[in-house]
Amino acid sequence: MASVTESIAALSFPTTSRFRTSFSRPAMMISQPAVSSYSRRRGLPEFKGLKIQSYSLISFASTNSRYPRVSKHSGRVVCEAQETAIDIPAVTDETWQSLVLNADGPVLVEFWAPWCGPCRMIDPVIGELAQQYAGKLKCFKLNTDDSPSIASQYGIRSIPTLMIFLNGEKKDAVIGAVPKTTLSASIERFL
């Protein structure tokens with residue numbers, strides 16, 4: 001290595017060039033980069049490379065009780081589904097009359113849209129209610145993007161909106177993502 005350095009140093013480089021630089025040695029021979037000298041002048045720490053830190057070996061199961069099966073130690077996420085959500089049947093413009101207005105007994109209709117965050121939050125609650133009131137209450141969901149005429153007919157301006165129909169008439173409406181207890185209280189009045 002010393003012979004390569006000596007041979008590079010032995011080359012004669014002109015001290016002036018057409019760019020009027022005053023370097024008398026090649027750029028390879030500069031011992032410290034310009035950033036380092038700038039950092040020293042400004043009182044900033046000198047860059048010495050990147051440090052890679054690994055995740056700690058602590059499992060997050062004890063510290064985060066909300067997600068008990070998540071562990072960052074192994075680099076993968078392990079989870080178990082406790083119950084599968086009930087898929088609520090959809091109602092459209094074509095099926096509205098037969099499924100909702102001509103239904104025997106109370107019908108809960110959720111007016112929703114796929115882009116609506118609160119609608120996705122309340123969807124599992126509607127599934128639980130459909131299971132809880134199976135045989136007593138029919139549950140449907142209507143996509144307001146696909147069926148805007150029904151949504152405007154019933155004055156839907158905010159989603160999620162849940163409406164309870166009895167004998168083809170609108171009896172109650174709940175607007176927004178509300179707790180399950182609020183929805184249960186509304187449903188119980190019409191059973």
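Author: A residue is called buried when its relative accessible area is under 20%, exposed when that area is over 50%, and partly exposed in between (1.4 Å probe, protein chains only). Strands (E, at least two residues) and helices (H or I, at least four) are DSSP runs, numbered from the N terminus. This is a predicted model, in which local features need pLDDT of at least 70, side-chain atom pairs count only at pLDDT 80 or more, and totals for chains, interfaces and linings use all residues.

Reader: What makes strand S2 mostly covered?
Author: Five of the six residues of S2 are buried. Strand S1 (residues 106–112) is also mostly covered, with seven of its seven residues buried.

Reader: Which residues lie on each side of S1?
Author: In a regular strand the side chains alternate between the two faces of the sheet. Pro106, Leu108, Glu110 and Trp112 lie on one side of S1, and Val107, Val109 and Phe111 on the other; all of them are buried, and both faces are therefore covered.

Reader: How do you know that S1 and S2 pair?
Author: Two strands pair if DSSP finds at least two bridges between them. S1 and S2 (residues 138–143) have six bridges, in the parallel sense, and therefore meet the rule. Within this pairing, phenylalanine 111 stands opposite leucine 142, and the bridge partner of valine 107 is lysine 138. S1 is also joined by six bridges to strand S3 (residues 161–166), and these two strands run antiparallel. There, phenylalanine 111 stands opposite threonine 161.

Reader: How many residues has helix H4, and what span is expected?
Author: The expected span of a helix is 1.5 Å times one less than its number of residues. H4 has 16 residues and an expected span of 22 Å; it reaches 24 Å from its first C-alpha to its last, which is close to that value. The buried residues of H4, including Ile122 and Leu129, pack against S1, S2, S3 and helix H6 (180–188), contact meaning heavy atoms within 4.5 Å.

Reader: Why is the pair of tryptophan 96 and phenylalanine 111 called tilted?
Author: Rings of Phe, Tyr and Trp (its six-membered ring) pair if their centres lie within 6.5 Å; planes under 30 degrees apart count as stacked, over 60 as edge-to-face and the rest as tilted. By this rule there are four aromatic pairs. The ring centres of tryptophan 96 and phenylalanine 111 are 6.2 Å apart and their planes are at 50 degrees, so this pair is tilted. It links distant parts of the chain, with tryptophan 96 in helix H3 (residues 96–101) and phenylalanine 111 in strand S1, 15 residues apart. Tryptophan 96 and tyrosine 154 form another tilted pair, 5.6 Å centre to centre with 55 degrees between the planes. Ring pairs link Trp96, Phe111, Tyr154 and Phe165 into a cluster.

Reader: How do you know whether tyrosine 154 is buried or exposed?
Author: The relative accessibility of tyrosine 154 is 17%, so this residue counts as buried. Tryptophan 96, at 4%, also counts as buried.

Reader: What relative accessible area has asparagine 167, and is this residue buried or exposed?
Author: The relative accessible area of asparagine 167 is 59%, so the residue is exposed. Asparagine 167 is in the loop between S3 and strand S4 (169–175), and its phi is near 55 degrees, a positive value in a residue other than glycine.

Conventions
Residues numbered from 1 in each chain as written. Heavy atoms only, no water.
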